[in-house]
Amino acid sequence: MSLSNHYCELLKQCGDTKKVHCNIIKAFRKPETFMLNNLVNAYAKLGSITYACRVFEQMPQRNLYSWNTLLSSYSKLGRLPQMKRVFDAMPTRDMISWNSLISGYAGRGFLVQSVKAYNMMLSDGSYNLNRIALSSMLILASNQNCVHLGRQIHGHVVKFGFQSYVFVGSPLVDMYSKTGLIFCARQVFYEMPEKNVVMYNTLIAGLMRSGRIEDTRQLFYEMRVKDSITWTAMIAGFTQNGFDIEAIDLFREMRLENLEMDQYTFGSVLTACGGLTALLEGKQVHAYIIKTDYQDNIFVGSALVDMYCKCKSIKSAESVFGKMTCKNVVSWTAMLVGYGQNSYSEEAVKIFCDMQKYGIEPDDFTLGSVISSCANLASLEEGAQFHGRALVSGLLSFITVSNALVTLYGKCGSIEDSHRLFSEMIFVDKVSWTALVSGYAQFGKANETIRLFESMLTQGFKPDKVTFIGVLSACSRAGLVEKGNQIFESMIKEHMIVPIQDHYTCMIDLFGRAGMLEEARNFINKMPFRPDAIGWASLLSSCRFYRNMEIGKWAAESLLKLEPHNTASYILLSSIYAAKGKWEEVAILRKGMRDKGLRKEPGCSWIKYKNQVHIFSADDRSNPFSDQIYSELEKLNYKMVREGYVPDVGSVLHDVEDSEKIKMLNHHSEKLAIAFGLIFIPPGLPIRVVKNLRVCGDCHNATKYISKITQREILVRDAARFHLFKDGTCSCGDFW
């Protein structure tokens, strides 16, 4: 072997190109062009384009290979202006030169420049056309969803005799399938005289993308030779089309075949496990991941976190997340979304802050998810801060972030801000409309909710199940029985939506609130399934309000059969008995609760002031400002009575004197929180209180009087809805 060839081999094998370069300078006074071409190529492959360019410029003699080497380097690195300058300076060009120019533009998605370069190549001579140039243009047409360009290139494929080339056939099949022309893709596939596994895999992916499951199955089992990509494409396709069981079964078959799996295989099957909440199968896949040493793969680790979160196994998700040696925005987002989906909203906000400490920039999905967690916490202050972050980062233009903000302001009681944000959105979708409709519905603003719903339909947006829950609940709170019935019927007959439990619960609530308890019972008896606990509790609550013993007892017994340890049935039925003075029955129910070890969930209310949450329970004196709070309540009670307030002693489930009942009512948790707000929240700002249970009837009535006497806006979010108290009225009307 000559010395020149020796150094050329060293350049191919040795990673230290600079050291070899030094030795070449020492060994040769005038290195051959062949050797210098190899040196340019070695630097280019390492990404050291500056050194490659310097060697090229110092070459005493350059040939076409020298120019193509530098041109190809600029093309692969995406340095397009430099690529164009080199191309224009070339004394001669061949098909490799044109390929580099076209693939450089096409690889970066520059459609106009790619087409221009392609046409220049044809003008220079059709002999320049080759399978690489055609493939590059087809991939560009596919990525840009430009079927017109793809068809033109297909015409050239046929015209210049490339239709039998598999290298061209695969991107042609891919182009047609990605642009939605799956029949054209199949025609190209079956017209090919020879097919390799790549072509089969391309068509499988295209058929799955089009949802043609049976056709894909048939093609898969027709294949004589399958590789790991074939199996992975099938598993991923099943998962994307909701065939999670089939995806897991095929994964098992793939294991039996002893085929090598990659991050995409594991990611797809873990998505299937999460979709089925199949924790056992997910753990089995996790074990196999450890066995195949993929646990440190960032893509697989993120998929594991997501799977465990969807399977409600937060501790396992935290364990996987904590052990990940490398995390990216997808990993952090998977954990954050998992917290949010499992009602760990505070942890979701905290992990977002941790992510920022590690210097990971959130994307639109991450920011949208943390804003949703703030909405679930009714934490307007933190949510507003993330709104500011969205403005500064430019992520507000993403619909995921805007929709989350519309939901946030709606859930935090700022429905005007929610509507303003919606109006400012450049692009809205079904989720945007549903968020706004649901926001108004939570406020009990039935007329506005229905108007928005009708506007949504007029503008061509198709409502979904969640939209109808919002509209039906608004009708329920406003007592619009006829309108609610019409909307329920249209949901089934016009929009072809099969009612779920939540829709039936809204209808039970609609009849119950209107006092149509017999109609509610008839409706339940005609349902395709029995109501859930929320449905029975809603009916029972209406029976308590209207003091209907017969239906109330039926609802309570049904609720107890469904959930023997649900205290709502005991408490609401006790309330009905107590209102009728049947204290013996109340005592029997209480004894039943004690015997079963059941305790009523203690009510508590909280209010935020200067970034600190103040929590209150009934008769609570633990707050350092208790003396001021109780003094404020005494003053309010005196003024309220003068305005006509009468305490609802019937809501107290104790056989004691009325004077004692009044004392109990005066110190409910929400009243303590409101008194705190009146003392510390500056005038002109709304007082925002959150309660873990539903607001009781007496507190609801009392807060109306407080809002009138103090001329303050009081916003209470309880377990069911928002109550905006202003000038002696509530947004939800008299029946809360």
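Colleague: What makes the pairing of the six-strand sheet mixed, and in which order do the strands stand?

Modeller: In this predicted model, the open sheet has the order β2-β1-β3-β4-β5-β6, with mixed pairing. Strand β3 (residues 687–691) pairs with β4 in the parallel sense over four bridges. Strand β5 (residues 722–726), in contrast, runs antiparallel to β4 and is joined to β4 by four bridges. Two strands count as paired from at least two bridges, and each of these pairs has four.

Colleague: Why are β2 and β6 said to stand at the edges?

Modeller: β2 (612–617) and β6 (729–730) each have a single partner strand, so one side of each lacks a neighbour in the sheet.

Colleague: What makes both faces of strand β4 covered?

Modeller: In a regular strand, side chains alternate between the two faces of the sheet. In β4 (residues 714–717), Ile 714 and Val 716 lie on one side, Leu 715 and Arg 717 lie on the other, and all four are buried.

Colleague: Why is α3 called roughly antiparallel to α4?

Modeller: Helix α3 (residues 33–45) and helix α4 (residues 49–58) pack at an angle of about 165°, with their axes 7 Å apart. The cut-off for roughly antiparallel is over 145 degrees, and α3 is therefore roughly antiparallel to α4. Their crossing is left-handed.

Colleague: How do you know what kinds of residue make that contact of α3 with α4?

Modeller: On the α3 side are Leu 36, Leu 39, Val 40, Tyr 43 and Ala 44, which meet Tyr 51, Ala 52, Val 55 and Phe 56 in α4. Sorted by class, the contact has nine nonpolar residues, no polar and no charged.

Colleague: Why is α12 also described as roughly antiparallel to α13?

Modeller: Helix α12 (residues 182–191) and helix α13 (residues 197–209) pack at about 165°, with axes 10 Å apart. That angle makes α12 roughly antiparallel to α13, and α12 passes α13 in a left-handed crossing. The contact is made by Ile 182, Ala 185, Arg 186 and Phe 189 of α12 with Met 199, Tyr 200, Leu 203, Gly 206 and Leu 207 of α13.

Colleague: Why does Asn 99 count as buried?

Modeller: Its relative accessible area is 9%, and buried means under 20%; Asn 99 is therefore buried. Asn 99 lies in helix α7 (residues 95–107). Not counting residues up to four places away in sequence, Asn 99 touches Asn 130, Ile 132 and Ala 133.

Colleague: How do you know whether Tyr 339 is buried or exposed?

Modeller: Tyr 339, found in helix α21 (residues 329–341), has 8% relative accessibility and so counts as buried. Leaving aside neighbours within four places in sequence, its contacts include Ile 314, Glu 318, Tyr 344 and Ile 351. Tyr 339 and Ile 314 are 25 residues apart in sequence and 7.5 Å apart in space, C-alpha to C-alpha.

Note on methods. Residues are numbered from 1 along each chain as its sequence is written. This is a predicted model: local features need pLDDT of at least 70, side-chain atom pairs count only at pLDDT 80 or more; totals for chains, interfaces and linings use all residues. Side-chain values use heavy atoms; hydrogens and water are left out. Axes are lines fitted to C-alpha atoms, for helices over the stretch in contact, and angles run from 0 to 180 degrees between N-to-C directions. Helices (H or I, at least four residues) and strands (E, at least two) are DSSP runs, numbered from the N terminus. Angles under 35 degrees count as roughly parallel, over 145 as roughly antiparallel, 65 to 115 as roughly perpendicular and the rest as oblique. A crossing is left-handed if the near helix is turned anticlockwise from the far one by less than a right angle, and right-handed if clockwise. Contact means heavy atoms within 4.5 Å. Ala, Val, Leu, Ile, Met, Phe, Trp, Tyr, Cys and Pro count as nonpolar, Asp, Glu, Lys and Arg as charged, and the others, Gly among them, as polar. Buried means under 20% relative accessible area, exposed over 50%, partly exposed in between (1.4 Å probe, protein chains only).
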